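Please examine the structure shown here, and then follow the explanation below through several of its local features.

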Amino acid sequence: MTAPPSTDDKLSRPSIVQPRNLVLGIERIGLWALRFPFICAVAFLMLMAASTDGFMRLQVDDSLSQLFRSNTEDFRTYQEVSRRFPSSEFDVVVVIEGNTLLTRPALEKLRNVAVDLQLIDGTRGIISMFSAREPPTAGQIPPPLFPNPLPEGGDYRKLIDRVVSNEIIKDKLLSPDGKLTLMVLALDPAATAPDRLSKVIGEVRQTVDDDLADSDLKGELSGVPVMQLEIRNAIERDRLVYNSLGFALGCLIATVFFRRLSFVIIAATPPLIAILLGLGTLGWFGFKLNMFLNVMTPLIMVISFSDSMQLTFAARDRLLLGDDKRTAFRNALFMVGPACVLTHATAGISFIALQVSQSETVRAFGEAGLIVTLTALPTVLLAVPLLGLLLIGNETKFVDRVRGMDKALDLLRRLCGWIAAHMVDRPALYSFISLVVVGLLTLGYLQLEPRYRLADQVPDHERAVSASHQLDEKLAGANPLDVYIRFPQGISLFDPQTLDLIAGVHEVLEKQHGIGNVWSLETLRQWLARQPGGANIARLQQYLDLLPRYLTRRFISEEQNAVIVSGRVPDADASRLLPIVNEVDGKLEALRKRYPDFQIEVTGLSVIAARNNTLMIDKLSNSLTVEIAFVAVFIAIAFRSPVVMLITVLPGLFPIVFAGTLLWLMGQGLQFASIIALMVSFGLGLSATIHFLNRLQIEDIDPDPAIGVRRATVFVGPPLILTSAVLVCGLAMTVLSSLPSLRLFGWLSAFAMASALIADLFMLRPIATFLTDLFARRRRSQV
């Protein structure tokens, strides 16, 4: 029999494998697969079948507002507004542009679009420049501004003059240059259901394209429902395509090093089973995939694949040392199993810590993470030895075939031995350099500010983002910013003080830099005031009664005891939008004091996004830092050594602060995707640290701790490097995604994981050697 190749026989001698009480013997779960393989195989098949059904039940939660759901007054106000008024979450914004937009043939086509869109099943009404009417005359219903048929010649030019100067149309529904118009098509909330939205949006798009055919007019769709559909399609497509590509590339790398398909299957299959069981369990519990939960797949892969590789490598080495396959996997469980349990335990504790968040989305992410962690642990511990028994045949033949074929792994072992030898040669110096480097990088990380932009959550290769950019350039933006006004009991909509308050709020929004396209009852009142007869209350009420209900309900509640003053803001970063929101809120304070019985609140999707985004990202960033310290303490308790706590801090921090500093140097801030990427990389770095410390506890039998560090590195290093290479390549595939947030998650995770590998090899080794030797010398001096 041959031992695993090594550059030093002293470093490669086998250790006596004895069960340890590091994690209460939980790793012994894996022994069931060795004792009852048939029962375990049948159980896995049954669980996989049930999980497949649960996986099919998983739905995509593409609601943009649910990302900011929280138990705060801001979100409750937003929910109330969405319930009492037609929510902008159900508005499809049709953006039509062309040089001949205001010509007579083009207007005929635009009117056809406005009419035909209302005939689509699932729509509730439309607002366009064809909704405008002429000034009212005594006792008569005001006629439409655009007569049917349209006039010709001089009368048509007069009509266009009235259109471009109309207070309700200009700068709101028609761009100043007269080359862009928008229509707001309200969908029935039921039409946005996952099984209907695609069909409805498809019909809207087809209608626009058909009606604008044979003209230079081009129509694009935007709005929350369109973005939701594009997000949903991108998530489902990316989840299948890029995870498959990444996993295939990872398997190819593993094949090059293992040189045996059976060991590739043993190492790679348990994470796949863990993903299926984890996501299937989430499906049965009714979880929905959103931007957070969509990263559960790489999270499970990071934790499970690392542990699966360590178990497979340990069993393979034991086979080469002469163990039969049953004994080899038993010894692997005793050697590596405790570290696997501890890795999952610390990950579970990290997810539990998220339950203190005010955000329901973050708490749901923590619950889902805990569930998949509890699912993944027994899966790996049972599946690796079970597959080993099933796929490995005659052990003697295996050793004979592998002999001489381990050049790739031998190269990795020699590399790990060389690195360890140099790192433990001057541990104090390298530990000090590590401290300085982490300290400097921490300064860069602390410069990061929370960032959020709606367009970053939407596929940027799709048409919705293009349409939003057009609105940002020509009509002040597409994202609503609302001021919600509730009246005290006994005060009516047409009470003079109510109208004065609405006028005051309207003026605040109109004068606020960064807000445009302001709509409210005051818009109608101002327009009537410029017409013959003025805007007395009776005339205002009369004209309001003549307007379509779906139009008036957008800014007046059904009970007429609340109104909305709505403006539009561009799709800017939250760091730019939040000052505007705060400035508006400050200016409204004077009106709150003048009208103390009225309730005046700033709300809207863009508002809660700007406010809650900053709060959520700050909390996640702070919790990540606290989590590192907490996990370090937990690991120290598990290993029953305070030295371990000090050993883990710098290597755990390095990939986070290094990646954060890179974001800062690139001019980017902390986004949801980047925070989750740092969490994932922390998970991998933590797993590597725990496996190293676990092996160090086994190997450190020499008075010189450097010997234990070198031996542990030779055994743990190759699977760590291979795991990192597989995961980095797999996550790097997401840079091909059309979702900017997923691309950010992919490349930043890959970079941070590579950084975690650097920290493990070049920081953890000298720090462990230095601190272990330091405390050992202190103990000897005290004896």
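In this predicted model, helix α11 and helix α12 meet through residues on both sides.

Two packed helices are described by the angle between their axes and the distance between the axes. For α11 (residues 325–353) and α12 (residues 360–391), the angle is about 175° and the axes are 10 Å apart. Because angles over 145 degrees count as roughly antiparallel, α11 is roughly antiparallel to α12.

The backbone also deserves attention. Asn 148 and Pro 149 are joined by a cis peptide bond, with omega at about 5°. Pro 149 belongs to the loop between β3 (123–127) and α6 (153–165).

Are they buried or exposed? Asp 214, in the loop between α7 (197–211) and β5 (218–222), is exposed, with a relative accessible area of 82%. Asn 517 lies in strand β8 (residues 516–519) and counts as buried because its relative accessibility is 11%, and buried means under 20%.

Finally, Arg 539 is part of helix α19 (residues 537–546). This arginine counts as buried, at 11% relative accessibility. Arg 539 and Arg 525 stand 14 residues apart in sequence, and their C-alpha atoms are 9.4 Å apart in space.

Note on methods
Residues numbered from 1 in each chain as written. Predicted model: local features only at pLDDT ≥ 70, side-chain atom pairs only at ≥ 80, totals over all residues. Heavy atoms only, no water. Helix = DSSP H or I, 4+ residues; strand = E, 2+ residues; numbered from the N terminus. Buried < 20%, exposed > 50% of the residue type's maximum accessible area, 1.4 Å probe, protein only. Axes fitted to C-alpha atoms, helices over the stretch in contact; angles between N-to-C directions. Parallel < 35°, antiparallel > 145°, perpendicular 65-115°, else oblique. Contact = heavy atoms within 4.5 Å.
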